[in-house]
There are 2 protein chains.
Amino acid sequence: MPDSAVEPRLGDAFGAALLDAFAGGRGTHVTERDDGFVDVMDATMYFLEPDLWSDAWPGHDEAALDLVHGRILDVGAGAGRHSLALQTRGHEPVALDVSPGAVEVCRRRGVRHTFLGSIEEFADSDPPLFDAAVLMGNNLSLLGSPERSGSMLGTLRRLLHPAGTIVGACLDPYLTDDPVHLAYHQQNRERGRSPGQLTLRVRYRGLAGDWFDWLLMSPDELAVIADRAGWRLDDVTDPDPSYLAVLRPA
Amino acid sequence: MPDSAVEPRLGDAFGAALLDAFAGGRGTHVTERDDGFVDVMDATMYFLEPDLWSDAWPGHDEAALDLVHGRILDVGAGAGRHSLALQTRGHEPVALDVSPGAVEVCRRRGVRHTFLGSIEEFADSDPPLFDAAVLMGNNLSLLGSPERSGSMLGTLRRLLHPAGTIVGACLDPYLTDDPVHLAYHQQNRERGRSPGQLTLRVRYRGLAGDWFDWLLMSPDELAVIADRAGWRLDDVTDPDPSYLAVLRPA
């Protein structure tokens, strides 16, 4: 590193990218992993209409909308594409995100019910119970780590009716032959972490978000994690490498 | 930073992006500045045919090809689009790049004469003199810093016939109102650097290139730097914000 190199300014990098894409830019942002791997995402993919989702998202993304009914919580709503699609179907979802920029974009796009904060903060506000929670865009990875997953799954239990379901998507980390990713899995094993536990941050222009853990799980791993927290993996599509999972109370 | 965060692996990140784009990918790579600013580039833009250059490059990019004749050195040739276009016009340019991946891509695309290394290394090989050097794609910024610019301009003098010309492009750093860039200019002033002197590195997937200095100059700044090294800024197009410059021996 040159002596001059400094850390980027901490801020809502993901939200800034969404706001720029909403304003007509591309909002192309960087996801940086703690091994130095960088990946690039075009934020316009979060603004596609449902009939174009299959250009950018797994095929099950739209199918998931048919699996939820009643009062729905959209966890990690981002630019609100699932909440908007659910509103079009006559639902009144609540779009939750920790990114102020994401929640702002949801509001401007017409999402009627939003919450800025974590699901723990939302649960503490004692909202009426939900029939379903959706964690699309691979947001099941928000479970973070096997150790912390119980806390989030418990909070979802608290937010849902006794028979409420979780419908979410996740990437199977084992469906790669990329040596960079395989090396990361191995490094995770050596430091006692789940192979698919990624430590990431989003960077956009001069901003970087906080580092966070993003847990890729195989369906089998998800089943074990769910079981430990009182949930049952009821249905799962073939990973390709993303899969759709339905969790029901055990 | 989390304890786990490490520096990316050092390597030919730019060349790896070009090789992936040549193989049909997008080669989307990240340029990281030492203040933490990140920018994203799609490497397919380096593979456009001349009639599509104006989609991605300044209008003067193709015009520059008309300004050079005889034996031509393409400095920082990248994927070789200028060398290939010059070959189509009947020239026999030498494509020079420090990136092994870039030179490999040039060769595979049919550039007949390539050199892997710096212009200093090339000059040390005592090649026959050139009539012109092209530094397109804003490659005049390879001058690096006002202090080091004399060395490169002197080497180009050594490589060129006494009446040889340099045709190059550069971004004018002052044609921005972006607060992130203006803050960087100010920080440069405070550390005694030229406002447009950027310390950058390229990152692509798991790789990062070396940090290097990339000097954005206004036409006036370029004129001063050129003059100091025995060159005269003979012609310049309006910056928009990139401009085309012709340097002739003073």
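The following legends describe close-up views of a predicted model with chains A and B.

Residues are numbered from 1 along each chain as its sequence is written, and chains are lettered from A, with ligands numbered from 1, in the order in which they are written. Because the model is predicted, local features need pLDDT of at least 70 and side-chain atom pairs count only at pLDDT 80 or more, whereas totals for chains, interfaces and linings use all residues; side-chain values use heavy atoms, with hydrogens and water left out.

**View 1. Aromatic pair of A:Phe14 and A:Tyr46.** Over all chains, a search of the whole structure finds twelve aromatic pairs (rings of Phe, Tyr and Trp, the last by its six-membered ring, with centres within 6.5 Å; planes under 30 degrees apart are stacked, over 60 edge-to-face and the rest tilted). In the pair of A:Phe14 and A:Tyr46, the geometry is edge-to-face, at 5.6 Å centre to centre and 90° between the planes. This pair links distant parts of the chain, 32 residues apart: A:Phe14 belongs to helix H1 (residues 13–22) of chain A, and A:Tyr46 to the loop between strand E3 (38–41) and helix H2 (53–56) of chain A. Helices (H or I, at least four residues) and strands (E, at least two) are DSSP runs, numbered from the N terminus. A:Tyr46 counts as buried because its relative accessibility is 14% (buried, under 20% relative accessible area; exposed, over 50%; partly exposed, in between; 1.4 Å probe, protein chains only). Ring pairs join A:Phe14, A:Tyr46 and A:Trp57 in a cluster.

**View 2. Arginine side chains over aromatic rings in chain B.** B:Arg33 lies over the face of B:Tyr184, 4.2 Å from the ring centre. B:Arg157 lies over the face of B:Trp231, at 4.7 Å from the ring centre. A charge sits over a ring if NZ of Lys or CZ of Arg is within 6 Å of the ring centre and within 35 degrees of the ring normal.

**View 3. Interface of chain A and chain B.** In chain A, 26 residues are in contact (heavy atoms within 4.5 Å) with 26 residues of chain B. The two chains bury about 2,200 Å² between them, 57% of it on carbon and sulfur atoms; buried area is the accessible area (1.4 Å probe) that two parts lose on being put together, summed over both. Four salt bridges are found across the interface of chain A and chain B (a side-chain nitrogen of Lys or Arg within 4 Å of a carboxyl oxygen of Asp or Glu). A:Glu32 forms a salt bridge with B:Arg203, in which the closest N and O atoms are 2.9 Å apart. On the side of chain A that touches chain B, the elements giving two or more residues are strand E2 (29–33), E3 and strand E9 (197–204) of chain A. E9(A) gives the most to this side, with four residues.

View 4. Most residues other than glycine have a negative phi, and most peptide bonds are trans.

**View 5. Positive phi at A:Arg205.** Although A:Arg205 is not a glycine, its phi is positive, about 50°. A:Arg205 is found in the loop between E9 and strand E10 (207–208) of chain A. With a relative accessible area of 27%, A:Arg205 is partly exposed.
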